[in-house]
Amino acid sequence: METNSSRIIAIANEKGGVGKTATVINLGAALASGGNKVLIVDMDPQFNATRGLGIETEDGATTVYDLISYPEAVPVEEALIKTKWNRLDLIPSHTDLAGAEIELINEDGRENRLAMSLERITEKYDFILIDTPPSLSLLTVNVFACATEVLVPCQTQPYAYAALEDLFDTIFSIKEEINPDLGITGIVATFYDKRTSISRNILEKLKSDDQYKDMVLDTVIRTNTTIAASTDVGKPVIFYRKSSYGASDYFDLAREIA
């Protein structure tokens, strides 16, 4: 991959509990295992992606909070953490990030703070995957302003399906007003359980809906896969259950989007 062709992918859904963070860390690990240089940026104040990679940030450590609060004063390299896995790096989050929206409310260019911080290192990575909070906030706007594309995990449940409309309204608004280069990687169905009619029906709705059908990826993340990939483990599922179908789902997703 050319050094100037880094793909910055926001993994986003305004509804919580859809497997967003599990997708971030396991897709990142699968891409890194395939030879890509990958950076995960944790932009969620709950810092689940950070914990999901087995990282505990010490008091005073530089995190993404410092980068968006002082993008010109804090070098991004100070926040970079090399994980224990080859080609997989992390910029961790912190609970302080929850207050950033209020702190930056009157700052000029507040929606471009993350882009400013990451600009100097984007060419060093093939993929930059950014985890987002499960709500529309200044943090989410920063991510969409920085990203080149958005990958949308959608739990195969009615509420998650219904929430897609608001999410895509937000994405298209950001594309129109802030980041004209923002594209859609696709929608990946998560928590899919072929044994339940609800799960099957929602997947069918996604594939038949005129608004979404062209965006739906072939890969489906099965329900046991998503649970096995819990961030509580502190290790991507592909590294502790390499031969499981759980790992295979994320390898399939990596191949499909790469």
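**Reading helix packing and ring pairs**

Tutor: Let's start with Lys20, which counts as buried, with a relative accessibility of 7%. Keep in mind that this is a predicted model.

Student: Okay, where is Lys20 found?

Tutor: Lys20 belongs to helix α1, which covers residues 20-33. The cut-off for buried is under 20% relative accessible area, so at 7% Lys20 falls on the buried side.

Student: Which residues does Lys20 touch, leaving out those up to four places away in sequence?

Tutor: Lys20 has contacts with Ile11, Ala12, Asn13, Asp44, Asp131, Thr132 and Pro153.

Student: Now helices. How do I read a packed pair?

Tutor: Two packed helices are described by the angle between their axes and by the distance between those axes. Here, take α7 (residues 158-177) and α8 (residues 197-208): the angle is about 20° and the axes are 10 Å apart.

Student: Are α7 and α8 roughly parallel or roughly antiparallel?

Tutor: Angles under 35 degrees count as roughly parallel, so that is what we call α7 and α8. Their crossing is right-handed.

Student: Which residues make the contact?

Tutor: On the α7 side they are Pro158, Tyr161 and Leu164, and on the α8 side Ile198, Ile202, Lys205 and Leu206. By class, that contact has six nonpolar residues, one charged and no polar ones.

Student: Where do Tyr161 and Tyr212 sit in the chain?

Tutor: Tyr161 is in helix α7 and Tyr212 in the loop between α8 and β8 (216-222), so the pair links distant parts of the chain, 51 residues apart. Tyr161 is buried at a relative accessible area of 17%, and Tyr212 is buried as well, at 4%.

Student: Which geometry does the pair of Phe168 and Tyr212 have?

Tutor: That pair is tilted, with 5.6 Å centre to centre and 35° between the planes. Phe168 is in α7 and Tyr212 in the loop between α8 and β8, so the pair ties together parts 44 residues apart in sequence. Phe168 is buried too, with a relative accessible area of 1%.

Student: Which residues do ring pairs link into a cluster?

Tutor: The cluster consists of Tyr161, Phe168, Phe172 and Tyr212.

Student: Last topic, backbone angles. What is phi of Phe47 near?

Tutor: It is near 45°, which is positive, and Phe47 is a residue other than glycine. You'll find Phe47 in the loop between β2 (38-42) and α2 (48-52). Its relative accessibility is 21%, so Phe47 counts as partly exposed.

Student: And what is phi of Arg87 near?

Tutor: Near 65°, again positive in a residue other than glycine. Arg87 sits in the loop between β3 (81-82) and β4 (88-91). With a relative accessible area of 35%, Arg87 is partly exposed.

Conventions
Residues are numbered from 1 along each chain as its sequence is written. This is a predicted model: local features need pLDDT of at least 70, side-chain atom pairs count only at pLDDT 80 or more; totals for chains, interfaces and linings use all residues. Side-chain values use heavy atoms; hydrogens and water are left out. Axes are lines fitted to C-alpha atoms, for helices over the stretch in contact, and angles run from 0 to 180 degrees between N-to-C directions. Helices (H or I, at least four residues) and strands (E, at least two) are DSSP runs, numbered from the N terminus. Angles under 35 degrees count as roughly parallel, over 145 as roughly antiparallel, 65 to 115 as roughly perpendicular and the rest as oblique. A crossing is left-handed if the near helix is turned anticlockwise from the far one by less than a right angle, and right-handed if clockwise. Contact means heavy atoms within 4.5 Å. Ala, Val, Leu, Ile, Met, Phe, Trp, Tyr, Cys and Pro count as nonpolar, Asp, Glu, Lys and Arg as charged, and the others, Gly among them, as polar. Buried means under 20% relative accessible area, exposed over 50%, partly exposed in between (1.4 Å probe, protein chains only). Rings of Phe, Tyr and Trp (its six-membered ring) pair if their centres lie within 6.5 Å; planes under 30 degrees apart count as stacked, over 60 as edge-to-face and the rest as tilted.
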